[in-house]
Amino acid sequence: MGLLSSAATFVRYSVVGDIPQNFWDMAADQISRFAFKDIDETYEEFSVGWVSVLNMFDAEFAYASFAAGDHICLTMRVDERKVSPKVLKKFCLKEEERIKKERQIPKLSRGQKIEIKENMELMLMKRAVPVPATYDLVWNLAENTVLFFSTNQKAQALLEDFFKDTFDLLLSLQIPYTTAERFLDASERQALANISPAVLV
Amino acid sequence: MDLVDLITEKRFIGQEFLTWLWYKSDERGGTVLLPEMEEDITLVFEKHMLLEFGEGDSHEKIVCQGLQAELKEARTGLRMGKKLEQARIHMIRGEYEWHMTIKASLMEFRSVKVPKTMDGADEGDDPEAVEGRLLDRIGLLETVYKTFDELLGQFIKIRISDQWPDEADKISTWIHKSDN
């Protein structure tokens with residue numbers, strides 16, 4: 001569903017704030033600073049960062065490959081280790097049974113069960129392979145508009161935070177109301193604020 | 001009002017816009033005028049529509065599928081006061097054609113298929129060719145939202161003006177005309 005897929009799905013953001021004069025230098029530094037860092041060989045649970053829209057394993061951006069004309073094209077890659085609740089439950093019950101048998105006790109206390117759950121979660125998290133997800137974006141610098149290729153609200157919220165961290169600029173989602181405002185002067189905007197749903201039947 | 005409230009309280013604006021656009025397109029046999037460029041484009045509503053009604057527990061949705069001429073169920077839905085929330089649209093501008101699904105309340109562009117503009121000979125792998133293809137694709141996607149922005153601008157000017165009651169009457173007549 002991304003920028004390069006045969007059926008692209010996207011929403012639009014406006015970038016709030018002024019772009020600094022030495023923007024391209026700043027952008028290159030910041031994109032590199034916030035580039036994706038692999039967690040396959042670590043025990044970290046979560047990693048988010050920028051990669052090339054052409055290759056999710058390219059976080060180097062040789063020759064400023066994020067630039068295309070007046071646009072910045074990036075992919076936000078998110079790798080996350082997840083443990084299925086059913087798997088966690090199975091391992092907890094198994095461990096509880098083992099301990100009860102070992103200690104010859106009929107029941108475990110609430111505290112013991114919580115401790116088992118924490119240990120099992122940690123153990124399974126370390127064994128879990130990070131699951132990758134990628135979300136493309138295109139930033140039109142001339143119009144200060146960002147196309148984001150996902151309608152997933154969680155991904156959108158993550159983008160808004162991560163874009164702010166990277167570029168120190170805010171994103172504002174464009175819905176029909178906010179898009180319409182751009183065509184109107186102050187008095188017309190007031191008129192827009194006052195309209196109520198029409199009855200068309 | 002913050003964005004979350006605007007999304008909830010003003011979702012009808014996108015839905016009314018999409019309904020108006022269906023009426024405008026149907027009125028001229030699938031042709032809509034882009035006033036800024038004085039350009040006629042083709043916008044055909046086809047295959048798939050989603051209408052909704054009410055909020056919270058009383059929220060209802062109906063999905064209508066069929067060819068353009070067979071979207072009777074969707075028109076019946078409009079007559080019952082349901083709002084057009086999602087539609088599959090075929091757009092032709094100049095020599096190029098796009099297909100897309102518009103989700104009205106949030107202005108989401110879904111499953112957008114852009115025209116193929118380059119032939120095989122242009123498809124090299126050097127960085128310039130890759131950048132060229134990327135820019136071409138971005139331009140085609142931007143055309144989609146810019147076209148809809150212009151149409152939304154046209155709609156909203158009418159919607160807040162004293163022309164609206166007249167326009168709303170025409171839409172209402174069009175909705176009921178499909179009874180026949």
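Reply: Helices (H or I, at least four residues) and strands (E, at least two) are DSSP runs, numbered from the N terminus. Leu158(A) lies in helix H4 of chain A, residues 153-167. The model is predicted, and local features need pLDDT of at least 70, side-chain atom pairs count only at pLDDT 80 or more, and totals for chains, interfaces and linings use all residues. Residues are numbered from 1 along each chain as its sequence is written, while chains are lettered from A and ligands numbered from 1 in the order in which they are written.

Me: Why is Leu158(A) called partly exposed?

Reply: A residue is buried if 20 or more other C-beta atoms, placed from the backbone, lie within 10 Å of its own, exposed if 12 or fewer, and partly exposed in between. Leu158(A) has 17 other C-beta atoms within 10 Å, and is therefore partly exposed.

Me: Which residues is Leu158(A) in contact with, leaving aside its neighbours within four places in sequence?

Reply: Two residues are in contact if their C-beta atoms, placed from the backbone, lie within 7 Å. On that basis Leu158(A) is in contact with Val48(A) and Val78(A), its neighbours within four places in sequence being left aside. As for Met76(A), its C-alpha lies 9.4 Å from that of Leu158(A), and the two are 82 residues apart in sequence.

Me: What makes S1(A) and S6(B) a pair of strands?

Reply: Two strands pair if DSSP finds at least two bridges between them. Two bridges join strand S1 (residues 8-16) of chain A to S6(B), and the strands run antiparallel. Phe10(A) has Phe109(B) as its bridge partner, and Ala8(A) stands opposite Val112(B).

Me: Which strands of chain A are joined to S1(A)?

Reply: Four bridges join S1(A) to strand S6 (residues 145-148) of chain A, in antiparallel fashion; here Val11(A) stands opposite Phe148(A). Four bridges also join S1(A) to strand S7 (residues 170-173) of chain A, again antiparallel, with Leu170(A) as the bridge partner of Val16(A).

Me: How many residues does each chain give to the contact between chains A and B?

Reply: Chain B gives 40 residues and chain A gives 33. H4(B) supplies the largest share of the chain B side, 14 residues. That side divides into 23 nonpolar, six polar and 11 charged residues, where Ala, Val, Leu, Ile, Met, Phe, Trp, Tyr, Cys and Pro count as nonpolar, Asp, Glu, Lys and Arg as charged, and the others, Gly among them, as polar.
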